[in-house]
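My entries are below, in the order in which I made them.

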Amino acid sequence: MTADRNRITLWKILLSTFFPYLEDSYKIFHDIFNERSLFAELKRNHARDLSWERILTAINFGARIPDDYVNKIRDQILALSSALSVGSEDEKLGILKEHFLREMVAFWGSILIARETKNQRFISRLATFESKRFNSIMTLIIKDRDIFSAIAELEPGKGLSVLTLLTYIAKQLRLRVREFSYGNIQTRRAFGVHFLDYIECAPTRSGSWKLINKIIKEGYVLFSVPIASGIIDKESRDVIRLLESAVSITIKKKVEELISYENLDIPEWVTDMAIKALRYYESLVPKEALVDEGEKYWPPCMRAIIGEIRAGRSLPHQARFAITTFLHAIGWSEEEMLDLYRNFPDFDEEKARYQIKHITGQVSGKIYSVPSCETMLSYGYCFRGSDELNLCSSVKHPMQYYQRAIRILNKEINKRKKEQRPSKDRN
Ligand code: SF4
């Protein structure tokens with residue numbers, strides 16, 4: 001590689017380090033490690049630990065990327081850019097290569113683990129994590145001038161603008177995009193995404209995302225984006241949100257593609273890790289869903305509804321309404337509910353968020369109550385036949401069931417504690 005070519009590709013290597021699913025990442029790997037194969041790397045000992053760490057992070061975080069995780073990435077980018085500010089081009093490439101390799105191995109190892117689970121919810125969890133992680137890092141890059149300059153420094157051409165960066169990443173995620181001028185305004189340009197890709201990636205079809213509310217030029221949906229970094233307005237956020245969906249779609253496609261290769265020569269550790277990871281993920285689902293008490297103590301109607309949601313089935317409006325009132329009554333947050341509702345085949349974040357806010361009193365101040373047993377029966381969602389605690393016959397309301405069930409649970413816990421206490425304590 002010539003020095004000049006190194007310089008041109010350094011910023012792309014840096015982006016592929018943090019977003020290893022970009023189209024270029026694979027090409028870059030072959031370009032800079034021409035004597036090595038990624039599969040061979042994944043068979044080396046370090047791959048197991050790196051992949052495990054990545055998959056655990058995905059399971060634990062899901063859609064919620066904590067600020068300190070993003071801050072760590074910020075520190076990493078700044079440390080890397082400072083290390084890259086001195087030395088020869090080959091030395092700089094050497095520094096980046098090491099980080100790039102680690103991220104590629106961790107990411108592709110986690111993809112192989114997800115492939116091996118063949119569990120759609122698990123695969124979705126990984127895709128959600130990677131796409132939300134993408135959103136957080138991209139927001140940081142555009143908002144934080146130091147970070148943006150650190151990346152722009154590595155691009156020796158005519159200067160990296162926010163639009164160039166967004167366009168590059170969108171193309172890397174296989175979106176058809178074009179740049180347009182934005183009238184006479186010199187500080188902004190229009191980012192155009194082909195309307196078919198827009199339809200595929202828009203998080204919702206309502207409100208400001210409706211095509212009818214968009215400016216369309218030559219088949220491209222336009223977003224006005226500031227040229228300079230340091231500003232993150234609604235339009236830039238919307239572009240990042242579109243790219244976030246494209247990341248999620250890309251991850252799912254990659255896993256599906258790998259599932260279709262039945263005789264893939266995967267590293268031995270992957271199968272073990274997949275069993276462990278799936279077990280760990282499933283152990284967390286009840287924790288997420290149960291709050292404190294355990295779903296076992298939920299009324300059968302609500303257990304049936306949540307079971308349907310987790311199975312990815314669509315539900316009538318009344319069932320959605322009932323479960324939202326119930327989850328709110330037992331203390332679930334809006335984000336926790338949204339995470340659950342992502343399982344709906346027709347999930348529309350904006351709409352779901354509005355409905356949750358409406359039902360929980362954040363729109364009009366009116367908090368809707370959990371429907372009574374009689375109403376649940378009329379909805380066709382009374383499942384007293386699967387009542388293991390024999391409480392349905394004596395309650396008129398699912399919350400009454402829940403409160404009685406909790407009392408039974410508390411008695412059981414106290415009894416267990418007494419039984420476990422050493423005998424001298426009891427004397
Ligand atoms: S009787 Fe009430 S609590 Fe029991 S399943 Fe039917 S609606 Fe739910």
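**Ground rules.** I am working on a predicted model, in which local features need pLDDT of at least 70, side-chain atom pairs count only at pLDDT 80 or more, and totals for chains, interfaces and linings use all residues. I number residues from 1 along each chain as its sequence is written.

**Domains.** I looked up the division of the chain and found domain 1 (3-260) and domain 2 (291-420); such bounds come from an automatic or database domain assignment. Their C-alpha centres lie 38 Å apart. Nine residues of domain 1 and six residues of domain 2 make the contact, where contact means C-beta atoms, placed from the backbone, within 7 Å. On the domain 1 side I noted three nonpolar, four polar and two charged residues. Here Ala, Val, Leu, Ile, Met, Phe, Trp, Tyr, Cys and Pro count as nonpolar, Asp, Glu, Lys and Arg as charged, and the others, Gly among them, as polar.

**Sheet.** I then traced an open sheet of four strands, ordered β1-β2-β4-β3 with antiparallel pairing. Strands (E, at least two residues) and helices (H or I, at least four) are DSSP runs numbered from the N terminus, and two strands pair if DSSP finds at least two bridges between them. At the edges I found β1 (177-181) and β3, each pairing on one side only.

**Strand β4.** Buried means 20 or more other C-beta atoms within 10 Å of the residue's own, with C-beta atoms placed from the backbone. I counted seven antiparallel bridges between β4 and β2 (residues 188-194). R188 has P226 as its bridge partner, and F191 stands opposite F223.

**Hairpin.** Two residues separate β3 and β4 in the hairpin, and E218 in the turn has a positive phi of about 50°.

**Helices.** I found α11 (residues 234-260) lying across β2 and β4, at about 125° to β4; axes are lines fitted to C-alpha atoms, for helices over the stretch in contact, and angles run from 0 to 180 degrees between N-to-C directions. For α14 (residues 317-329) I listed the buried residues, among them A319, F326 and H328. After α14 comes G331, with a positive phi near 100°.

Technical notes: Contact = placed C-beta atoms within 7 Å. Buried ≥ 20, exposed ≤ 12 C-beta atoms within 10 Å, placed from the backbone.
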